Amino acid sequence: MERTQELNVNGQQNIEAHLADHEERNNTMEIESFPIPQPKNYKRWLRISIYVFFVLSCQALSTILGRLYFENGGKSTWMGTLVQLIGFPVLFLFRFFSKIKIPKSTDTSFRQFPSFITLGSVYIVTGLIVSANSYMSSVGLLYLPVSTFSLILASQLAFTAFFSYFLNSQKFTPFIINSLFLLTISSALLVVNTDASQSTSNVSRVKYVIGIICTIGASAGIGLLLSLVQLILRKVLKNHTVSTVMDLVAYQSLVASCVVLIGLFASGEWETLTSEMESYKLGKAPYVLTLASIAISWQVYTIGVVGLIFESSSVFSNSITAVGLPIVPVVAVIVFKDKMNTSKIFSIILAIWGFISFVYQHYLDEKKLKLSHANPVEGSRLPVDEGHTNIQIV
C-alpha cells in the first residue's frame, strides 16, 4: 500500500515537472519570438549631425567674428571677453526645451546631490578660470593673426593631457606622448618665428609677444579647466545628466560674466564703447550685430559639444572639436588674407598629425570602455577609473 502511494506521488511530481518544463519552453519561445522595437536611429544620427555642424561651424565663426570686431575698430578687450560669456541664458533655454533622453541610473550614488556650498564653490572656482581664459584669449586675438592664434590655441589638447595626468590619472600612452610632442613643436614653431611683420597691422613686436604669451596662457587654462571639470563630474557632482552639465556651464559663465563686467567698469573701457560703436568701420548696426553673433555662436558651440557628449560620447565630442581646430587657420587665410609662410604650413601639418594621434588614442579608450561594459568580470576596472574619459566643456 505504501509502495503504491509512493509511486502515485512520484508520478504526480513527474507530471508537474513536465508541465512546468513545457510552460517554461512556451514562455521562452514567446519571449524569443516577441519583436523587440528598434530605435529610430536616423533621428539620433540627425541630431548628431546637427550637433557636429554646430561645433564645426560655430567654433570657426566665433573666432573669425572675434577677430572681425578688432579688425574694424573694436579696441575693448573686456568687451571682446564679455561677448564670449554673456550669451549663457541660451543654455537654460536648451536645457528646458531639449528632447535628449538620458537613461536613469539605478546606482544610488548618482542620486546623491552635493550641498549648496559645494555647488557654489564649484561654480565660482570654474567661473574664475573661465573669465581668465576668456580674457587672455581676447588679448591674443587682438594682437595675433587668426591663423597664428588658432594654431597656438590648439595646444590645449596637450595641456589637457598634461593636467589630466595629475588630476585624473591619465596614462601617457605612446599616442598621447606623440600628440603632446607634435602639438608642442607645432606651437613652438610659431612662437620662435615672432617677426612682427607677419603679425596684424600696427602691432609692435612687444604686443605680438604679449599676444603669444596670453594665447599660450589661455590654452593652458582651457586644458586645466577641462581636466578640472572632468574631476568635478566624477568626484563631486556624480550626476552625469544634461541638466547637470548645462547647470555647470551656465552658472560658471554667469560667474565669469560678473567678473568680466567688474573688469569692464573698473578699467573704464565702458566709457569708450559709445565712441567705439560710432567709429566702427562697418557702421553701428554691424557693430551690434557682430557682438551679438559672437555671443550666440559661442553658446551654440557649447550646445553642440554637450549634445555630442550625451548623444554619443565625450570622446566623440572631443574628437570633433579637435577636427575643427585646423579649419580656423584656413578660413582666416581666406577672410583676412593672413600670410601663410612655410612655418605656418609645417605647423598646420604637425597639428593635424597630433590631432589624429590624440583622436586615435581616445578611439582605443572608447573601444576598451565598450569591452569593459560587455564583460564586467574581466573589466571590473573601467577606463573612467583610469582617467581616460575627457568631457569637453568650453
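Modeller: I start with Cys258, which is placed in helix 10; helices here are DSSP runs of H or I with at least four residues, numbered from the N terminus. This is a predicted model, in which local features need pLDDT of at least 70 and side-chain atom pairs count only at pLDDT 80 or more, while totals for chains, interfaces and linings use all residues. Residues are numbered from 1 along each chain as its sequence is written, and side-chain values use heavy atoms, with hydrogens and water left out.

Cys258 has a relative accessible area of 39%, so it is partly exposed; buried means under 20%, exposed over 50% and partly exposed in between, with a 1.4 Å probe and protein chains only.

Helix 10 (residues 242-267) packs with helix 5 (residues 116-143) at an angle of about 60°, their axes being 7 Å apart. Axes are lines fitted to C-alpha atoms, for helices over the stretch in contact, and angles run from 0 to 180 degrees between N-to-C directions. Helix 5 and helix 10 are therefore oblique to each other, since under 35 degrees counts as roughly parallel, over 145 as roughly antiparallel, 65 to 115 as roughly perpendicular and the rest as oblique.

Now the other helices. Helix 6 (residues 146-153) is mostly covered, with 8 of its 8 residues buried; among them are Phe149, Leu151 and Ile152.

In helix 2 (residues 41-71), Glu71 and Arg67 lie 4 residues apart, about one turn of the helix. Glu71 forms a salt bridge with Arg67, the closest N and O atoms being 2.8 Å apart; the term requires a side-chain nitrogen of Lys or Arg within 4 Å of a carboxyl oxygen of Asp or Glu. The count by this rule is 1 salt bridge. Arg67 is buried because its relative accessibility is 5%, whereas Glu71, at 33%, is partly exposed.

On the surface, Phe162, Tyr165, Phe166, Phe172 and Ile177 form a nonpolar patch with about 500 Å² of accessible area together. Patches take residues with over 30% relative accessible area and no salt bridge, joining like charges within 9 Å and nonpolar side chains (Val, Leu, Ile, Met, Phe, Trp, Tyr) within 5 Å; the areas come from the Shrake-Rupley method with a 1.4 Å probe, and for residues only the protein chains shown count as cover. Helix 7 (residues 156-167) gives the largest share of the patch, 3 residues. Phe166 lies in helix 7 and counts as exposed at 56% relative accessibility.

Note on methods. Helix = DSSP H or I, 4+ residues; strand = E, 2+ residues; numbered from the N terminus.
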